[in-house]
Each structure stands twice: as structure tokens, then as C-alpha cells.
Amino acid sequence: MTKFISPLAATLVPYVPGEQPKDKKYIKLNTNENPYPPSPKVKAAIESELENLRLYPDPDAEKPREAAAEYFNKVLGLTGGDALTKKNIFMGNGSDEILALLCPAFFSGSKVAFPDITYTFYPVIASLFEVPCVNIPLRDDFTLDQDAVKNLPDDVAGMFLCNPNAPTGAAISLDEIKAILEADADKLIVVDEAYVDFGAETAVGLVNKYDNLLVVQTLSKSRQLAGIRCGLAIASEELIGVLDTVKNTFNSYTLDRLGNAAACAAFADVEYFDETRKKIADTRDKVSAQLSELGWDVIPSKSNFIFAQPPAGSATAEEFFHELRGKGILVRYFAKPRINNRLRITIGTPEDMETFVGAVKEMMAEHAK
Ligand SMILES: *Cc1c(COP(=O)(O)O)cnc(C)c1O
């Protein structure tokens, strides 16, 4: 290790994203990407923005913030004091960047809590900002221990709550979120809704009611734009103001020109969004039923992936992972306590999933011999 490394950098253990292999074409069911292309309107918006690329983008990303506020007000029926304006919205270079900015904005000098089984980026980003973490164990069936969440230790400033959770796909209701927000008004509850559009209830409509709520969403999953890097935070004007200050001390231009154009068009094309997310939810329910039929334990999912355990007497999840890879199908396997006999399977097109289920059946027949 180089002698120039800082003591902090020497302690860091980086996040490991799902692989993006370059050796051949796989059916990619390993990184929760959307199997459908972006809306044709997004493509057109990006094309017409190309000629402006010599100019810096709007550092305040006003247009996509307005487009997002308009979308939420319309679909959630928000009016009066509940209605959102662009001042309730923050745009980041992917929601991972927003999760990072939240640490210096709200958690530095304190601690942050999150479940033991959740998005593994939370501890990584907390370590970069030297924020100690407090683990809240999920119950044996991977549901949230509401009592533990409502009684966070005094020295914890807030928590990351992924809903639906990753990698389980399980969701909690809006009433449960409200109860958590009301249990302790002094804790900032960050609800990471990366997968909410596939079937869970969003808390976005509550941000002008609860000043301890900050919702994070992304265009990477339900809006087919993982390659653009656009995420958003939705919260009270005061919380968004702090995020803005932190952003402007680090990188003023979080969203580039193509991102600004793509985000506006994506929020405006509600029809395409609704059509594609419904297709994914339908495919998910079908594959969940098929795997259950084959004896797999499938956690009921409200996201665009399922988290499933093979039946006893068949191969282990790790063996399925390797054999599926050999057949050109990538899924995600986590060699971690409590979840090391499960696979996280992203929902692809109906054709992708037919191939996947066919491969699973073949392997199960092989292992039964
Ligand atoms: C994918 C994901 C994100 C990050 O998305 P970006 O591509 O950075 O916007 C955030 N949280 C969870 C739980 C995710 O799965």
C-alpha cells in the first residue's frame, strides 16, 4: 500500500456492485436494471440536448425538479399545503450520491441506524464520512422489527429505511411509515424508495407533514435510466436547503445536461412508465408463483426482483448461482450470514424469465438424480 494513503482511506472497504461482464452476452438478472429501453420521448429529449453540451448545465436543475413536483402532485393528488414545489426536490448524480451527501448534511458527529439485512451501500458511505452505524436486526422472516425502529438509541441521529427493502423485496405500509415518523420526531427517517414504483406505497405525499422525513428515489430502476445517473430527494424545504448547501460545497453540477433533459422527459411520459412497470410487476408475480410451485421459498416482493431460497434436497443457492452463470444467466448471490442460501433475481422480460425458469427446472432435475 502506498505511504501516501490517508489513515481514513486505509480503513475503507468499498461497495461491490453486481458484475457487468464483458466476456459475452448474458441474460442479466443481477443488478436490478430495467429490461425495457427508456421512453422514446427520453431518447428524443437527449438528442435535442446534444448541441448544447459545450455549456454548463443548470446547477439548480430547476426544470427536472419542477417536472418531478408536477408528477407527484398529479399522481398523488397533492394540493394546498401538501403540494410539492421544486423547493421540495433535490436532484443528484444517482441516488447513491444523495445517500452520500446525507451523511455530512445530517449524520456527521452522530450515528446512523439501518437494518442488518438491507442495501449494503449504507455502511460503506457512512464509513467514508466517519459516521458510526447501529444495526437493527430484521426478524427471522426478514420483516422489520417495528419496536426496535421506534426506539432508536438516543445517540442515533436517524436511519436509512429501504422500502421496499433490498435485497428482500418486502415492503412496509404507509401507515407503518407514519407510525415510525411519529414515534420520535427528533430522528431523521430517510426512506429509500429505489423500488417503490413496482408495487409499494410511496411516502412522498407526507414530506410537508413530517419534517423528519426525507424520501430518496431514483430514475435508474423504474424509469430505465441507470446509465444517466439521476436520483432525487424529496423533503421539506428546510431539509432540501441543507442538501443544497452541502452539494454546492462539493460539486455544483450534480446533474449534467443529458440528465436534466432525460429526467424532464421521463417524468412527463407517465403512460410509458405505467405500462412498463406493470409489465414487470406482472412478470414478477408469475415467476414468484412458478418458483413457489417448484418448492422455492420466495419472499413476497413489491420490487423488480425476488429473493428466493431453493428447496432442501436440491442444490444450494451458491451452486445455482454458478451453474446459472455457466448457462449464460447472471443472478446475484450474497455470501453473507442469514442470506447465504438465497438468490436475488432481477425481473427481466417474460422471455428472459422463461429461459431462467427453464434453466432452474433443468438444474433441479439434475440435482434430484
Ligand atoms: C439501485 C439502488 C440505489 C441507487 O440507485 P442510483 O442508480 O444511484 O440512483 C439506491 N438505493 C437502493 C436500495 C438501490 O437498490
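A: Start with two helices. H11 covers residues 317-326, and H12 covers residues 350-368. They pack at an angle of about 120 degrees, and their axes are 11 Å apart. That angle makes H11 oblique to H12. The crossing of the two is right-handed. This is a predicted model, so read each value as computed from it.

Now look at the residues that touch. H11 brings Glu-319, Phe-320, Glu-323 and Leu-324 to the contact. H12 meets them with Phe-356, Ala-359, Val-360, Met-363, Met-364 and His-367. By type, the residues of this contact are seven nonpolar, one polar and two charged.

H12 has another partner, H10, which spans residues 270-293. Here the angle is about 10 degrees, with the axes 11 Å apart. An angle under 35 degrees counts as roughly parallel. H10 and H12 are therefore roughly parallel to each other. From H10, the contact uses Thr-283, Val-287, Gln-290 and Leu-291. From H12, it uses Pro-350, Met-353, Phe-356, Val-357 and Val-360. Seven of the residues in this contact are nonpolar and two are polar, with no charged ones.

Next, the ligand. Among the residues that surround it are Gly-94, Tyr-119, Cys-162, Ala-194, Tyr-195, Thr-218, Ser-220, Lys-221 and Arg-229. Ser-95, Asp-96 and Asp-192 also belong to that surrounding set. These three can be followed atom by atom. A polar backbone atom of Ser-95 is 2.6 Å from an oxygen atom of the ligand. For Asp-96, a backbone N or O atom lies 3.0 Å from a ligand oxygen atom. Asp-192 uses its side chain: an N or O atom there is 2.7 Å from a nitrogen atom of the ligand.

Finish with the backbone. The peptide bond from Asn-163 to Pro-164 is cis, with omega near -5 degrees. Pro-164 sits in the loop between strand E5 (156-162) and helix H7 (174-183). Pro-167 is also placed in the loop between E5 and H7. Elsewhere, look at Glu-130, in the loop between helix H5 (121-128) and strand E4 (133-136). Its phi is near 55 degrees, a positive value in a residue other than glycine.

How values were computed: Residues numbered from 1 in each chain as written. Predicted model: local features only at pLDDT ≥ 70, side-chain atom pairs only at ≥ 80, totals over all residues. Heavy atoms only, no water. Axes fitted to C-alpha atoms, helices over the stretch in contact; angles between N-to-C directions. Helix = DSSP H or I, 4+ residues; strand = E, 2+ residues; numbered from the N terminus. Parallel < 35°, antiparallel > 145°, perpendicular 65-115°, else oblique. Left-handed = near helix turned anticlockwise from the far one by under 90°. Contact = heavy atoms within 4.5 Å. Nonpolar A, V, L, I, M, F, W, Y, C, P; charged D, E, K, R; others polar. Near = heavy atom within 4 Å. Polar contact = N/O pair within 3.5 Å; in protein donor to acceptor, adjacent residues only side chain to side chain.
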